[in-house]
Amino acid sequence: MKITIIGAGSVSFCPCTINDILLSDLLNGSPLEICLMDIKENVLPAAESYATQAAAYLKRSPKITATTDLAKSLNGADFVVCAIEVDRYYYWSQDWHIFRKYGFRQVFGENGGPGSMLHTLRNIPPMLEIAKAMEQHCPNAWLLNFTNPEAKLIEAVLKLTKIKAVGLCHGTNMGIEQLADMLEMDEEDLDVAACGLNHFGWFQKVVDKKTGEDLYPKLKALELRMNWLESWDGWALSRIMLRTYGLLPYPGTSHIGEYIAWSDEFAPYAKGLYFYDPAKEKPWARKVAPHSEFTFEETKYEHNPPRYAPSGKTFEDMDIADMGLSFDFSPEKVEPSGEVAVDIIKAIVSGERYEITSANMMNNGLIPNLPPDMVVEVSSYADASGIHGKQMQPLPEAIAAMIRTQASIHKLIIEAYCEKSRNKLLQAVLLDPTVSNYYNAVCAVEEICELQKGILPELN
């Protein structure tokens, strides 16, 4: 069996995927190749060294290869785990600041909001390159994708290629952690059904595994008694939405707030964390990350940054530091990751059913009141025949309406790519709930397309 990891320089997903593969007796019980692929040759030695040392520590003997050749990495692959991004924080800074500069209240700008549309357009070309290479070199393999924006990218791959692909995200587990905290229960005692959109999911069912009790009445009663200021940045928006719509969303304000016009009043960090003086600064220009940029853990109200902060690390320095921290081998790093890609592989190989908290796939009626041809996130399972979504109940109409708007945005962004149409991008931006001014939307699209013309697909 051959498992290919594309994006071997990914500090978030490559080491943990290697660990999960090597920890499996099932996968290591037969001849196994782990192929590490990245377009940056300089990241491969660290990834290969980590895999070799981890294998030796666990007394495993897979064949470990590393290459910058996409075709070679995919030739004969059975599973492809993908986590790719180019200059992530540099472009994300532009995605965020340009649209905020023109007065649009997007929160985070990663998977939702107008910033996410540029994020998608940057990642569609490499994702389709991988998928189309899979059609040629391993047409029966599964693509297990961690690359964001999950829903938009998986929809593009499923609509524009013939491969089997699924998007995976640990956001649902973050939601379960929040649920357990609110309910003052152990996560292991919760049985949930989750569905919606990636980073904008909803728990349709929350049940006590031991007793079968529906825990929603308890959750709603406890929420009404909670101090408003507890975990405000993470919980306040979720609590308001629970009160308004009757279901708890996940994974938290920074993500669910991306899809809502009025969420920034529950995201005070958005104004402080990303503040800059536009008269004197362009945060991305020197490729230097300001203090706490994109780091929510450092924005708690008791946190006092130094009066005269250091000049800051460049995005490149951050990447190098992250590589060192993630790929420097030590035995204590070799532990299960909690990600589900390798569990899915084991289920398909063994035929033993594995429950997946949520996965991103084409709807096809799984959520009845959402378009069948959009990618949604649903509770799922894997077995010998592949990955399958579970049938869900219709979502409350107000929630479904918000997600249907995103379905149209998905279509427009894919059309913008296929038709090389900047106008379709503008149509998608104008449809976004956080955008409120035509003139400013046009100016923002023109400015960011000029800034990112070296990496964006052609948009005329």
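Me: Where does His199 lie?
Reply: His199 lies in the loop between β7 and β8 (200-208). The model is predicted, and what follows is computed from it.

Me: What is the phi of His199, and is His199 a glycine or not a glycine?
Reply: The phi is positive, about 70 degrees, and His199 is not a glycine. Most residues other than glycine have a negative phi.

Me: How do you know that the peptide bond from Asn148 to Pro149 is cis?
Reply: Its omega is near -5 degrees, and the bond is cis. Most peptide bonds are trans. Pro149 sits in the loop between β5 (142-145) and α7 (150-160).

Me: Which omega goes with the cis peptide bond from Tyr250 to Pro251?
Reply: Omega is near 10 degrees for that bond. Pro251 belongs to the loop that runs between β9 (249-250) and α11 (253-256).

Me: What makes α8 roughly perpendicular to α9?
Reply: Helix α9 covers residues 216-225, and α8 packs against it at an angle of about 70 degrees, with the axes 9 Å apart. Angles of 65 to 115 degrees count as roughly perpendicular, and therefore α8 is roughly perpendicular to α9.

Me: What kind of crossing do α8 and α9 make, left-handed or right-handed?
Reply: α8 passes α9 in a left-handed crossing. Leu179, Met182 and Leu183 of α8 meet Lys218, Leu219 and Leu222 of α9. By class, this contact holds five nonpolar residues, no polar ones and one charged. Lysine is counted as charged, and Lys218 is one of the residues in α9 that meet α8.

Me: Which residues of α6 and α15 make the contact?
Reply: The crossing of α6 past α15 is right-handed. On the α6 side the contact is made by Met117, Thr120, Leu121, Ile124, Pro125 and Leu128, and on the α15 side by Ile409, Ile413 and Tyr417. Eight of these are nonpolar, one is polar and none is charged.

Me: What makes α9 oblique to α10?
Reply: α9 and α10 (residues 232-245) pack at an angle of about 125 degrees, and their axes are 11 Å apart. The roughly perpendicular range ends at 115 and roughly antiparallel begins over 145, so α9 is oblique to α10. The crossing is left-handed.

Me: Which residues of α9 and α10 meet?
Reply: Tyr216, Leu219, Lys220, Glu223 and Leu224 of α9 meet Arg239, Leu242 and Arg243 of α10. The contact divides into four nonpolar, no polar and four charged residues.

Me: How many residues line the second largest pocket?
Reply: There are 23, and Asn173, Ile176, Val192, Lys209 and Thr357 lie nearest its centre. The space in this pocket is about 590 Å³. By class, the lining has eight nonpolar, seven polar and eight charged residues.

Me: Which element gives the most to the lining of the second largest pocket?
Reply: β10 does, with five residues. α8 (171-183), β7 (190-197) and β10 (354-362) each supply at least two.

Notes: Residues numbered from 1 in each chain as written. Predicted model: local features only at pLDDT ≥ 70, side-chain atom pairs only at ≥ 80, totals over all residues. Heavy atoms only, no water. 1 Å grid on protein atoms, 1.4 Å probe; cavity = no way out; pocket = protein on both sides within 12 Å on 5 of 7 lines; lining within 4 Å. Points joined across faces, edges and corners; volume = space filled by probe spheres on them. Helix = DSSP H or I, 4+ residues; strand = E, 2+ residues; numbered from the N terminus. Axes fitted to C-alpha atoms, helices over the stretch in contact; angles between N-to-C directions. Parallel < 35°, antiparallel > 145°, perpendicular 65-115°, else oblique. Left-handed = near helix turned anticlockwise from the far one by under 90°. Contact = heavy atoms within 4.5 Å.
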